[in-house]
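Tutor: Let us examine the structure by setting each computed value against the definition behind it.

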Amino acid sequence: MLRRDLLKGAATAAIAIAAGLPATVALAQQQTVKVGFIGALTGPQAASGRQMANAIRLYQQLNGDTVAGKKIEVIFRDDTGVADQTRRIAQELIVNEKVAFLAGFSLTPLALAVAPVITQAKTPAIIMTAGTSVITERSPYFARVSFTLPQQTMPMAEWAAKNGIKTVVTLVSDYGPGLDSEKAFFEKFTELGGKVVAQLKAPLANPDFAPFLQRAADAKPDAIFLFVPGPTAGPLMRQVVDRGLTKGGIKIIGPGDITEDEQLVSMDDSVVGTITSHFYSVLHDSPLNKKFVAEYKKANNGARPNFIGVGGWDGMHAIYEALKKTNGDTNGDKLMAALKGLEWESPRGKMSIDANTRDVVQDVYIRRVERKDGELYNVEFDVVRQVKDPYHK
Amino acid sequence: MSVVLETKNLVKRFGGITATDNVTFSLPSGARHALIGPNGAGKTTFVNLLSGVLPATSGKVILNGEDITEWTVRDRSRAGLARTFQINQLYPDLTPLKSVLIAINERENAATSWFPRLGSRSDLVDEAAALLTRLNLGERMHERVGSMPYGLQRLLEIAIALASKPKVLLLDEPAAGVPEGEREQILDVVAALPDHVSLILIEHDMDLVFRFAKTLSVLVNGALFVEGTRDEIANDPRVRQVYLGEEVIAHG
Amino acid sequence: MLTILFDGVAYGMLLFILAVGLCVTLGLMNFVNLAHGAFAMAGGYLTVIMMNRMGISFWWCLPAAFIFSALLGAFLERTLYRRLYDKSHLDQVLFSIGLIFMSMAAVDYFMGATQQIVNLPPYLTGRIEIFGAQVGVYRLFVIAVCGVLAIGLQFIIARTRFGSQLRASVDDGRVARGLGIDVTRIFSLTFAVGSGLAGLGGALGASILSMDPFFPLKYMIYFLIVIAVGGATTITGPFFASLLLGIADVGGKYFVPVIGGFIIYTIMVAVLIFRPEGLFTRGKRR
Amino acid sequence: MSVVDKDAAAPAAASASPAAPAAKQSPSWRLLLDAKWRWYEFAFWLCAAASFWVFPRKLMLLSEIFILGLLALSIDLVLGFAGLVTLGQGAFFGIGAYAAGLMAQAGMGAAPLSDPLLGLLVAGLVAGLVGFATSFLVLRGSDLTRLMVTLGVALIVEELIVKFKDITGGSDGLQGVLSSPVLGLWSFDLFGYTAFWYSLTVTFVIFLFCRRLIHSNYGLSLLAIKGNPLRARTIGMPVNARLVSIYTIAAAIAGVSGGLLTQTTQFASPDMAAFHRSADALLILIFGGAGYLYGGLLGAVAFRVMQDFLGNITPQYWLFYVGLVLVLLVLFVRGGIIGLMMAMRDKISPRDDKDAGGRQ
């Protein structure tokens, strides 16, 4: 009896050891793949960095942190929205942490600043926010999952031309994305027979839009096309409404940045009726998006995700998928090859990374601001399927 | 005796107040001249006009025959006009040696040399040290000026003015506020100034004035009230009246 | 045309309302309180919380913002600022920047980094026509508040006993104490009022500028420009400077948009070249 | 500086420099001592060089610290020694950054145009020229006036950079800035080896220049202006000309530091001239202690290390602790980090002359 027990015990122990050994070996073999996230977590752009970071954490929470047998570790770094910091942090992450991917980039100049580093180091960088067309052309190791402004703007121009808008005043912030957007709108809209009666540019640091809005109003257009960066959009919309432009029958149109989902919550009914074209609305009707929105809210005190958050989510997804394809190989060229042509279902809808340009291809929706269930939403009512950036060759 | 410094119809107005009223004045070379007058008579304003700290409203200031009315403080200083201030104007964080050396450097055009180290012009440093020693500051030439006793600071004020080897020296109440014990030292220094330096002394203290000055001017309400030798002024009843605080008698 | 003038005035008044509190602390107390914007932010966020989260009327928010910021100012004055009155301006700069950093991080922690927009009651939005010009009701309201404030403050400083005591305390604290003035109390009170005004400015500006944790730094330059151009020794100086800057900025951006971004800075530099102490100074400062 | 006087007062003061003909204990000898290298200065630069081996993972951060320290040093020249406050040093930093960037871009990464040293020279010259042109704006007015005028200049420069898109790349910045190898030998590598030694060497050389400048008769005349401009004028000093000269020199140095940043990071962006750049540098200088030459460098080290350390712990709220440190430092210490160090030294070995701190 005793002997049998002893034997049994020994056997159990042996099994345990036998079972345990490979486990420890596997543990030793299971390397970590590091992803360096660089975003503006403080400073004027902090809101965008937070959205990305939140979405990345959420993605890992819902999808696990292991891909192809490797643990994915995201290192979060704050560049405060200053380009030379972005560049330094990128270099440190690559050299010290040996990250397989860089990701994030709140603004165009921040992304551009890392172009030489990633080219030199052959490290893929996933752009989760920045939206100027030119970025992906500056390094073969850039891949974008966010959007480009021309991509978002052209459908707006088409919709405007088709829906009885004859004259438009454009008002954009005087910086890369703003000018991209202005140019794209102008080209498409005039091509389709519309007339842009004035092209206004406001300085980036500009607390009061009164003179520009007044000029726009004086031109008596059918619609005003607006684009300003995220943090300025709220105050601008407020001033647009205060000036009574919407009451005078002038339509407000623009890319979705101006009625961005997170800020839309705190706006009031005066923005109802604003038409925007964009790739993402929290109200997008798909099971994946419903789940994404619900989980995001749960994790962040009920705050809504917005298009930047979706960029973070999809960036993480692209990283996971690419690693699956390379089976955990972190060679930069192989990862880039895996990213090219990658297609997936995002909370925003179907999307892919163009195999040639490494830029995002996605549906762009035409939406109208409406109040639903007591909250303001961008309600999608039309869609242009699988839009590519028009400026890439 | 030739005239080194003169003013012609010098006027300074601050808004509606005339602080210097049509003063025509001349200072012979080697003079020991005192400028006295009751509080608010415009003595300091007059010195500020002479040294260029304030611009004149009208009139002229002439130094060695040259019209210097439009000259800057700096140019006047380089032309040989030095002054002290009623309220110390020193460099509190530097040492007396450096304070004096700064003035000597400017005089010798050595202050723009940026490569040789401080002290490499030992001739200039020695001169500064000698000047300080002469003024009984030699012992403390490496101390921080701001921490020195007030009397010594007043002495340093004079030393700095002397460092530029002036032809005319304007002393604005050199002994003001100095405690009794340290006063003598300053008076000795003033008395021992070389003859070729022409001197204008502003002072309230009549003992000091009469001990030191050979000639005097009395300013009242910004205008020259009376001028004369020490004895003439001492015996002038009008001056007494002014100093006893009686009703001011208009000039002329 | 008139509308542009009106917008310029309104923008100027917005600048004034933001800067007037600083005018009190910097101009009257000679304390370089760069953290002024932090007090404005406190008032602004209080308004956001009261209106958007608790649904309290805008009319209650304004006095509440004033009182809250004033209390905050009084508290900080008692505990911290008081110890810095006799330190150099550079130390004051360092200290107040430190406070700004802390306030930014704290607001970020409690309120998040997202823009907060204040939604005005409907009767304050929209536009009415005056003398043929379309004017925004809320902007008109801001102008009115500023006018009242400027006159009131100028009256307090120039005409009341408190004002003269304050001026005496600032000019020479020792002498003022000798005259039996409670300098410490006067300073505390003045600082509290300055902070309160900052809070009120934040509350009034919140709906036009919107609030985020970066507010104190984002608008710091504008406060300082107003004070520098207007001269910090009076209330009327910054008042007229704000008008000038507002009208020039709005007019410039309207008529020559290409150089819009330069106008306000160029005016400041030009003014300071010709009037280094600002356009409207109360005599020479010591 | 009187900091040094105190050491000279110590009996253990080292022997006179052999180069000086002055006899021991003579006044000239005492003055020459000012310029003598102290052990802690050697220690500082040795530490700076040794950081290469101690923190091999932080080379980019270290290069950035040297560059920032150099910028702060340029402010120290005008603020700590001539007593002029400026909040616009970022203007010259930005101008230098773009000058060096455009040079490198024009040369397409090949010598001679893309030579980094040539780029620095041009950066310094251009920034110095602009500094000279704008120096006349800072001669009048109060501290606040100067702060705002210099800030205004910086803001205008930033706007100009954004406006002239064709040359500067506008708000997207200037890309493709490739410098040829330093001296034709060392190219800028991914690990930051070259960047480290290059930045350190340039910073050190310029520091030597500044140190010499400060410990000369010229430097003494600057201290006179800072100490009492009225007195300086009345002894015949051309105060304005002196201020113009030092402001120009400081602008040139700021330009060089901007050029360094562009070359080591391979791009330039408008925020190199932005308000926060000027403000950070001023903050760092006061944090370190103005008027000692080392304040900017020490401040840069302390500030950036603190930021990096806190930023890694709490990327979202590090700013709070930085603010707290600033507040505490002002409340309890006079004269920044150097003031703190001197206070500690005085505590360990008290000297009679307590107030000899050279700061204003």
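Student: Which residue of β10(B) is the bridge partner of Thr215(B)?

Tutor: The partner is Thr229(B). Residues are numbered from 1 along each chain as its sequence is written, and chains are lettered from A and ligands numbered from 1 in the order in which they are written. This is a predicted model, in which local features need pLDDT of at least 70 and side-chain atom pairs count only at pLDDT 80 or more, while totals for chains, interfaces and linings use all residues.

Student: How many bridges join β3(B) to β9(B)?

Tutor: Four bridges join β9(B) to β3 (residues 32-36) of chain B, and these strands run parallel. Within this pairing, Ala34(B) has Leu216(B) as its bridge partner.

Student: Why is β9(B) described as largely enclosed?

Tutor: A residue is buried if 20 or more other C-beta atoms, placed from the backbone, lie within 10 Å of its own; exposed means 12 or fewer, and partly exposed lies in between. Five of the six residues of β9 (residues 215-220) of chain B are buried, so the rest of the structure largely encloses this strand.

Student: Why is Gly227(D) called buried?

Tutor: Gly227(D) has 22 other C-beta atoms within 10 Å; the threshold is 20 or more, so the term applies. This residue lies in α10 (residues 217-227) of chain D, where 11 of the 11 residues are buried. The buried residues of α10(D) pack against α3 of chain B, together with α4 (59-81), α9 (193-214), α11 (229-234) and α12 (239-265) of chain D.

Student: Which residues does Gly227(D) touch, not counting those up to four places away in sequence?

Tutor: Gly227(D) touches Tyr91(B), Pro92(B), Asp93(B) and Leu94(B). Contact requires C-beta atoms, placed from the backbone, to lie within 7 Å.

Student: How many residues of chain B are in contact with chain D?

Tutor: There are 43, in contact with 36 residues of chain D. Elements giving two or more residues to that side of chain B are α2 (73-78), α3 (96-107) and α4 (122-134) of chain B, and α3(B) provides the largest share, eight residues.

Student: What makes β2(A) and β6(A) edge strands?

Tutor: The six strands form an open sheet of mixed pairing in the order β2-β3-β1-β4-β5-β6 (chain A). β2 (66-67) and β6 (142-144) of chain A each have a single partner strand, so one side of each is left without a neighbour in the sheet.

Student: Which element of chain A has the lowest mean pLDDT?

Tutor: Helix α1 (residues 2-29) of chain A has the lowest, at 46; pLDDT is the predictor's confidence in each residue, from 0 to 100. Over residues 1-7 of chain A the pLDDT stays under 50, with zero contacts beyond four places in sequence. Where pLDDT is low, the predicted coordinates should not be read in detail.

Definitions and conventions: Two residues are in contact if their C-beta atoms, placed from the backbone, lie within 7 Å. Two strands pair if DSSP finds at least two bridges between them.
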